[in-house]
Amino acid sequence: MSKKLKLGVFGLGSVGQGFYELLEQSNHPNLEIKKIVIKNPNKIRTIASTVISTTPGDILDDPEIDIVVELIDDASTALDILKQSLRKGKAVVTANKKMLAENLEEIYWLQEKYNTPVIYEGAVCGSIPFIRNLETHYAFDEIQSMEGIFNGSTNYILTKMIEEKKHYAEALEDAQQLGFAESNPTLDVKGYDSKYKLAITIAHSFGCFVKPDQILNLGIDRITEHDIRFARQQGCTIKLVAKAQKMGNKIVGLVAPMFVPLESPLAQVKNEFNAINIVGSATGAQLLTGKGAGSLPTGLVVLADVAGVAAQYKYSYPKIQANEEISFESNVLVYAHISFGGTNGVHISDFVEFTGGYQGENRHFMNGWIRTQKLLEWVDREDLSIILKNDVQWRACVQEKEREFSLV
Ligand SMILES: NC(=O)c1ccc[n+]([C@@H]2O[C@H](COP(=O)([O-])OP(=O)(O)OC[C@H]3O[C@@H](n4cnc5c(N)ncnc54)[C@H](OP(=O)(O)O)[C@@H]3O)[C@@H](O)[C@H]2O)c1
């Protein structure tokens, strides 16, 4: 029988508790939790106090501990835990998308340097096994595009707004009561959570490291009933979509609310569910769907990662290793529908190609091709609702230049 591996767990919140319970139930013969480090010693826990500690050194300085399971809600402390663990030859399993997205390139090199793995399926779309699929099934397929619903809270809110005609604030409150949204929902509703996941998946799908601040994220918090009515008239629903695609040797990607045609597979993904639609040159389109968050779905993926490490699994980053000349391009032309209440919304000259608009009773609507760089300037504008059209191909800005030249 192989050696029993000792685990040190940081964090016993929603995911940590789920992981703990599932490991207990699994009776895994080779995995044993030696210590759990938490922050607040006064919280009432259901777990024996002998295992619990508030001293990180009880895990990091214990030579018997082989695997560190990092499940805390603080990205900068999580990075510190990860670095100290790798330095000591301890493998790391983490679900911390913010920490991973902001530091993935460094984490990749640290794994090489210390020859010790970091595994993080739980960081991207909870229970959907996506990173592992990219590592193995899609390792030799050229990924052309990838788009998905990466955030369950926003999908739940949009489902309630569209199907039950609830206002944004009411739908958000429902999501919070059911535990699908945080009391501070900013990271979810403004698209940051989806963008962290997108940054991680871009590395595994296309072989290119991208920092989250290079990726445009537009939120769902300004969507109105007017936008929803417009979507219905077009035979569409609205989803917060994280999307990336290959254009030559560039990868373009962003997170934004999008009009999704009702017949599209993503339109059928409702409530708190997540989905990823991936298109490979050999495989064509494939849809993966499931629960994207929650104590047990995420706890289970973390357990699978820990069992994987115990069986010597590590990421091989085939797309990064392929060493293609590929880079992220943050400026692309997208087709946008912009609506606003006052008269100082946007101007025709803001568009590269204005295709039309109209004035409703108390709302203006403008449509056309626009640079993502321009949208980036408007990220904090509370007066604009920006929704992109999902079923049109993005255009590279270089094409726009070529058209300008051909007009001269
Ligand atoms: N919730 C989900 O469905 C989900 C899904 C995918 C990924 N994730 C990711 O998983 C991680 C954990 O999320 P969560 O929802 O489980 O968070 P949570 O419920 O807020 O729990 C956070 C835990 O971290 C502990 N903690 C915070 N700072 C610490 C520190 N410096 N040292 C030791 N422990 C510390 C807290 O200790 P106390 O108990 O003492 O307060 C608590 O147990 C996050 O990175 C999150 O993004 C969550």
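Buried means under 20% relative accessible area, exposed over 50% and partly exposed in between, with a 1.4 Å probe and protein chains only. Keep in mind that this is a predicted model, where local features need pLDDT of at least 70, side-chain atom pairs count only at pLDDT 80 or more, and totals for chains, interfaces and linings use all residues. Residues are numbered from 1 along each chain as its sequence is written, and side-chain values use heavy atoms, with hydrogens and water left out.

**View 1. Asn27 and Asn323, two residues with positive phi.**
Asn27 sits in the loop between helix 1 (14–26) and strand 2 (31–37); helices (H or I, at least four residues) and strands (E, at least two) are DSSP runs, numbered from the N terminus. Its phi is near 50°, a positive value in a residue other than glycine. With 63% relative accessibility, Asn27 counts as exposed. Asn323 belongs to the loop between helix 12 (318–321) and strand 13 (327–328), and its phi is near 55°. Asn323 is exposed too, at 65% relative accessible area.

**View 2. Asn103 in helix 4.**
Helix 4 spans residues 97–114. The Asn103 side chain reaches the backbone oxygen of Met99 at 2.8 Å. Asn103 counts as buried, at 16% relative accessibility.

**View 3. His337 in strand 14.**
Strand 14 covers residues 332–340, and His337 is buried, with a relative accessible area of 2%. Its side chain makes a polar contact of 2.8 Å with that of Asn367 (a pair of N or O atoms within 3.5 Å; within protein, one must be able to donate a hydrogen and the other to accept it, and residues adjacent in sequence count only if both atoms are side-chain atoms). Beyond four places in sequence, the contacts of His337 include Asp227, Phe230, Phe259, Phe365 and Ser385, where contact means heavy atoms within 4.5 Å.

**View 4. Tyr156 and Phe180, a tilted aromatic pair.**
The whole structure holds 11 aromatic pairs. Rings of Phe, Tyr and Trp (its six-membered ring) pair if their centres lie within 6.5 Å; planes under 30 degrees apart count as stacked, over 60 as edge-to-face and the rest as tilted. For Tyr156 and Phe180, the numbers are 5.1 Å centre to centre and 55° between the planes. Tyr156 lies in helix 6 (residues 152–163) and Phe180 in the loop between helix 7 (168–177) and helix 8 (186–189), so the pair ties together parts 24 residues apart in sequence. Tyr156 is buried at 7%, whereas Phe180 is partly exposed at 26%.
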